[in-house]
Amino acid sequence: MNVYVNLPVKDLEKSKEFFSKLGFEFKQKFTDEKCGCMIVGGDNYVMLLVEEFFKTFTKKEISDATKATEVIVALEVENREKVDELFNKAIEAGATKNTEPMIEKFMYQQNFQDLDGHVWEVFYMDESAMNQS
Amino acid sequence: MTKELWINLPVKDVGKAKTFWSKLGFSFDEKHGGVDMACLIVGEKNFNVLLFAENTFKGFTKNEIPVGGQTTEVLFSIEVKSREEVDETAKKVREAGGTIFSEPEEIQGWMYGCGFADLDGHRWNVMQMDFSKMPQE
């Protein structure tokens, strides 16, 4: 059982460029003018679908993600430095800072909104410290 | 670079959401569970969906939540191995109180799937895909 996260985007080329700058790659077999298949975390996929194509699946209007958020897509990375690195790349590529960084005992995270307003969270979780508590 | 992908979704009632997904046959990782959250396990790759009570979720995003499932920002696709699994899931969704917005049907000649909305209006589809029949460009 595989799971795919599908997100609507206004301009697929711009979005692909944005996520490429963050270091993500696209699986060409499933990427065309309507859909970008982004590889995340080894073998999970986030499908970026142009809005009209997205609507054919959901049969609903698309939310304005800048005004209301239905989902946070979270990327777990290996350490705190990588959180900042990925977050900074996103800001340089045109993302908007969503909230202040969250610094907790076992967690460190930064949030940004991508070109379409979708909220992404980049986080590091120290599971060993968590298990000791 | 990225180790794992996690999804965070707002729910009105964590207890009811847990009951709904349990009826569909999914399990929860209790290690990440709590009063205002539950960790739904989907698929074989430990794809985790954290269900948060709406107020907790809003605390993370500092943004509103779309009203009552009237609009959609995201669609999750669950890939299953057979058409029977698609039909079976659609049946379970109905019994558990979800809404089928697309009945199980063949799509583009190489997929078979249905679409449903969960108790909070989040949209999911369940798909069986035969990549050997996928049209080649």
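These are my notebook entries on two chains of a predicted model.

**Ground rules.** I number residues from 1 along each chain as its sequence is written, and chains are lettered from A and ligands numbered from 1 in the order in which they are written. Since I am reading a predicted model, local features need pLDDT of at least 70 and side-chain atom pairs count only at pLDDT 80 or more, while totals for chains, interfaces and linings use all residues.

**Entry one: the domains of chain B.** I looked up the domain assignment and found domain 1 at 1-59 and domain 2 at 74-137; such bounds come from an automatic or database assignment. Taken over C-alpha atoms, the centres of these two domains of chain B are 20 Å apart.

**Entry two: where they touch.** I found 11 residues of domain 1 of chain B in contact with 12 residues of domain 2 of chain B (contact: C-beta atoms, placed from the backbone, within 7 Å). On the domain 1 side, strand S1 (2-11) and helix H1 (14-23) of chain B each supply at least two residues. Helices (H or I, at least four residues) and strands (E, at least two) are DSSP runs, numbered from the N terminus. H1(B) gives the most to that side, with 4 residues.

I followed S6 (residues 72-77) of chain A and saw 5 bridges to S9 (residues 119-125) of chain A, running parallel. Strands pair if DSSP finds at least two bridges between them. Ile72(A) has Val119(A) as its bridge partner in S9(A).

I then found 6 bridges joining S6(A) to S1(B), which run antiparallel. Here Glu76(A) has Glu4(B) as its bridge partner.

Definitions and conventions. Contact = placed C-beta atoms within 7 Å.
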